[in-house]
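This briefing presents selected features of one protein structure, grouped by topic. Please keep the sequence and the model in view while reading.

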Amino acid sequence: HDRFMEKLDACIRNHDREIEKMCNFHHQGFVDAITELLKVRADAEKLKVQVTDTNRRLQDAGKEVIAQTEEIIRCRVQQRNITTVVEKLQLCLPVLEMYSKLKEQMNVKRYYSALKTMEQLENLYLPRVSQYRFCQIMIENLPKLREEIKEISMSDLKDFLESIRKHSDRIGETAMKQAQQQKTFSTTLQKQNNLNYGRNMHLGRSRILESKNEITLKRTFEDDDEHEEEVLTAQDLVDFSPVYRCLHIYSVLGDGEIFENYYRKQRRKQARLVLQPQSSMHETVEGYRRYFSQIVGFFVVEDHILHVTQGLVTRTYTDELWNMALSKIIAVLRTHSSYCSDPDLVLELKNLIVVFADTLQGYGFPVNRLFDLLFEIRDQYNETLLKKWSGLFRDIFEADNYSPIPIANEEEYKIVISKFPFQDPELDKQSFPKKLPMSQSVPQIYIQVKEFIYASLKFSESLHRSSTEIDDMLRKSTNLLLTRTLSSCLQNLIKKPHIGLTELVQIIINTTHLEQACKYLEDFISNITNISQVSVHTARLYGLSTFKDARHAAEGEIYTKLNQKIDEFIQIADYDWTMSESDGRASGYLMDLINFLRSTFQVFTHLPGKVAQTACMSACQHLSTSLMQMLLDSELKQISMGAIQQFNLDVIQCELFASSEPVPGFQGDTLQLAFIDLRQVRHYWIFPLQIMFLTCLCHLLFYFSSMKDSSKKNNIFAQFRKNDRDKQKLIETVVKQLRSLANGMSQHT
């Protein structure tokens with residue numbers, strides 16, 4: 001070995017001498033290259049100075065040339081602009097002359113000539129120079145000049161428009177009264193059943209026709225002595241002569257169409273004002289009545305203008321205006337009716353809409369959409385009912401004690417049965433006192449659902465619909481009550497924090513009985529509408545899905561609360577992971593948790609078997625997962641064998657609880673499988689873990705010992721180098737610690 005080391009040192013010295021020779025050989029070339037590079041840098045500096053000087057002299061020489069070139073360009077642009085201005089002025093001068101002539105004609109009030117001049121300007125002169133701004137100003141002023149001419153002959157028309165705006169509500173009120181009287185009279189005639197029925201019906205129709213003619217501004221001007229009270233008409237309230245005069249003037253001027261458009265435009269504006277409701281209209285019936293009267297008055301006037309003038313108002317125009325107004329009316333009624341929270345006010349609004357629709361229908365306006373709106377208002381009426389019943393349901397749930405109904409005697413039992421259709425042959429065999437499975441809220445909810453059906457029927461009866469349609473509407477509204485209002489109340493009730501496991505179990509029982517009562521509600525609706533349930537068009541109640549969803553939510557809440565309670569017990573667990581020996585019995589927190597689960601599952605005896613089994617399995621799985629998370633906690637750095645044995649006792653207790661069948665119905669060891677992972681971890685830790693750990697320690701100790709010996713043999717001069725000395729000390733420290741740990745584990749085993 002010593003000879004080998006001598007040879008190795010000799011070889012190292014030879015290599016060092018060769019490296020030194022090579023460095024000495026190339027040193028002079030490196031110095032020469034640096035010297036040449038310094039010379040090149042000096043030449044580069046000189047070249048840079050020369051280029052900069054050349055560039056400066058070139059820039060100074062070109063400044064004068066650039067200035068002269070710019071001056072030539074400026075002169076040529078000015079010359080071209082002057083030529084263009086001369087050409088355009090020659091084109092604009094005739095326009096300016098014609099506009100000056102127009103202003104002179106306006107000053108001397110030659111409006112007809114002024115109109116002709118404006119026509120020449122628009123058609124002949126202005127299109128040639130329309131790209132200039134002064135021409136745009138002229139074009140903008142021409143309509144103003146026309147408006148100025150129109151205003152001179154239109155002052156009377158404005159007075160007329162103001163007059164009909166003021167009297168529209170009175171005209172409409174009168175028309176609606178007459179329509180209501182006509183409807184009442186027609187109803188009375190239909191009820192007459194005598195020998196003079198035909199003659200009286202003829203006289204009644206004559207009177208109805210006369211009333212309509214009075215409202216339509218005396219179209220036929222027939223007098224009837226049978227009218228004891230004189231009825232004011234639109235002609236009595238408004239003078240229509242300004243419309244005729246203004247129409248004639250505009251026709252002479254050749255602007256009849258402009259006048260028609262202006263009149264229609266102004267009337268459209270008035271229509272928008274009439275159609276704009278007051279913000280507080282929804283508060284009282286009078287607000288709606290005033291709104292409808294103004295609209296009726298507006299269209300009564302338009303109907304009169306339609307029949308006494310030629311072309312000023314056409315049927316197409318009135319239909320278009322009515323369609324626009326009808327859309328606005330429907331939108332307004334939709335909006336304001338949504339503010340109504342009083343069902344009585346909604347009923348009165350419906351009656352006003354019927355009178356309003358009958359009045360305008362008498363003048364030939366289509367009102368089918370208004371009758372369709374009544375169905376939407378009926379939905380709004382149902383919404384107010386749903387809000388009211390939502391509060392009733394909440395009060396019932398808050399007052400309930402969520403315990404079975406105690407029955408002391410036969411009389412009390414009959415009272416409950418009269419309110420709620422409950423049938424249980426097994427319970428009937430029991431003697432008094434006894435308890436019904438549901439709580440007090442079940443019969444109360446059933447009674448309130450029936451009351452809702454009665455309230456919904458009040459609106460449907462006056463819509464003149466068939467019994468089938470009424471039946472269908474009642475079922476739809478009842479479905480809304482069940483699927484939305486009652487379902488929402490149940491869901492909110494289940495989510496309340498004060499509702500415990502006992503209350504949730506009672507809620508599940510209650511929803512089961514309410515679900516069974518839905519068929520009796522269907523029979524109830526069929527009885528009040530006289531519609532058989534076997535009818536093809538008969539809708540069904542959706543209570544089945546409503547109460548199933550509520551039960552599912554309650555079951556989910558039961559699972560959640562059980563898991564939360566388990567988490568509370570787990571939080572108070574205080575394992576000493578470094579204990580030397582176990583206590584010999586399961587932890588106190590775990591025994592309390594198991595006792596709690598046993599008592600809780602005893603309450604689940606009234607629940608369906610599957611629900612109780614699912615809750616039990618969910619609780620066991622959550623407990624197993626929580627215990628496993630304790631072992632996998634990142635803050636747990638070490639664990640003693642005593643702690644493992646204590647944890648093993650707790651796992652055994654969990655398995656004993658699972659094998660005791662806390663909830664009947666599990667097959668074999670199904671419930672024990674929830675703790676299978678903990679069982680496997682227990683086996684791995686108690687027996688093989690120690691042997692595996694000792695084996696790993698032995699391998700590590702052998703490895704570092706070999707490294708230590710090799711380092712001593714190969715590094716003869718290690719004591720002269722600091723890095724090698726530190727490395728050697730580190731290896732020795734690791735070897736000592738591994739030996740100490742291995743000895744401690746062997747003694748403990």
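Arginine 289 and glutamate 286 form a salt bridge, and their closest N and O atoms lie 2.6 Å apart. The model in which this pair is found is a predicted one. In total, the structure holds 17 salt bridges.

- Arginine 289 and glutamate 286 are three residues apart in helix H8, which spans residues 285–308, so about one helical turn separates them.
- Arginine 289 is partly exposed, because its relative accessible area is 33%.

- Arginine 57 is partly exposed, with a relative accessible area of 46%.
- Aspartate 53 is partly exposed as well, with a relative accessible area of 30%.
- This pair belongs to a network of salt bridges that links Asp53, Arg56, Arg57, Asp60 and Lys63.

- Glutamate 383 forms a salt bridge with arginine 484, and here the closest N and O atoms are 2.6 Å apart.
- This pair links distant parts of the chain, since glutamate 383 lies in helix H11 and arginine 484 lies in helix H15, 101 residues apart.
- Glutamate 383 is partly exposed, with a relative accessible area of 24%.
- Arginine 484 is likewise partly exposed, with a relative accessible area of 39%.

**Packing of helices H11 and H15**

- Two packed helices are described by the angle between their axes and by the distance between those axes.
- Helix H11 (residues 368–399) packs against helix H15 (residues 467–495) at an angle of about 35°, and their axes are 9 Å apart.
- The crossing of H11 and H15 is right-handed.
- On the side of H11, the residues that make the contact include Phe375, Glu383, Leu386, Trp389 and Phe397.
- On the side of H15, the contact residues include Met473, Leu480, Arg484, Cys489 and Leu493.

- Isoleucine 295 is located in helix H8.
- Is isoleucine 295 buried or exposed? Its relative accessibility is 1%, so isoleucine 295 counts as buried, the limit for a buried residue being under 20%.
- Not counting residues up to four places away in sequence, isoleucine 295 touches Val274, Leu275, Ile329 and Phe356.
- Isoleucine 295 and alanine 325 are 30 residues apart in sequence, and their C-alpha atoms are 8.6 Å apart in space.

- Phe30, Val31, Ile34 and Leu38 make a nonpolar surface patch of about 360 Å².
- Phenylalanine 30, one of these residues, lies in helix H1, which spans residues 2–107.
- Phenylalanine 30 counts as exposed because its relative accessibility is 55%, and the limit for an exposed residue is over 50%.

Terms used:
Residues numbered from 1 in each chain as written. Predicted model: local features only at pLDDT ≥ 70, side-chain atom pairs only at ≥ 80, totals over all residues. Heavy atoms only, no water. Patch = residues over 30% accessible without salt bridge, like charges linked within 9 Å, V, L, I, M, F, W, Y side chains within 5 Å. Areas by Shrake-Rupley, 256 points an atom, 1.4 Å probe, with all protein chains shown as cover. Salt bridge = Lys/Arg side-chain N within 4 Å of Asp/Glu carboxyl O. Helix = DSSP H or I, 4+ residues; strand = E, 2+ residues; numbered from the N terminus. Buried < 20%, exposed > 50% of the residue type's maximum accessible area, 1.4 Å probe, protein only. Axes fitted to C-alpha atoms, helices over the stretch in contact; angles between N-to-C directions. Left-handed = near helix turned anticlockwise from the far one by under 90°. Contact = heavy atoms within 4.5 Å.
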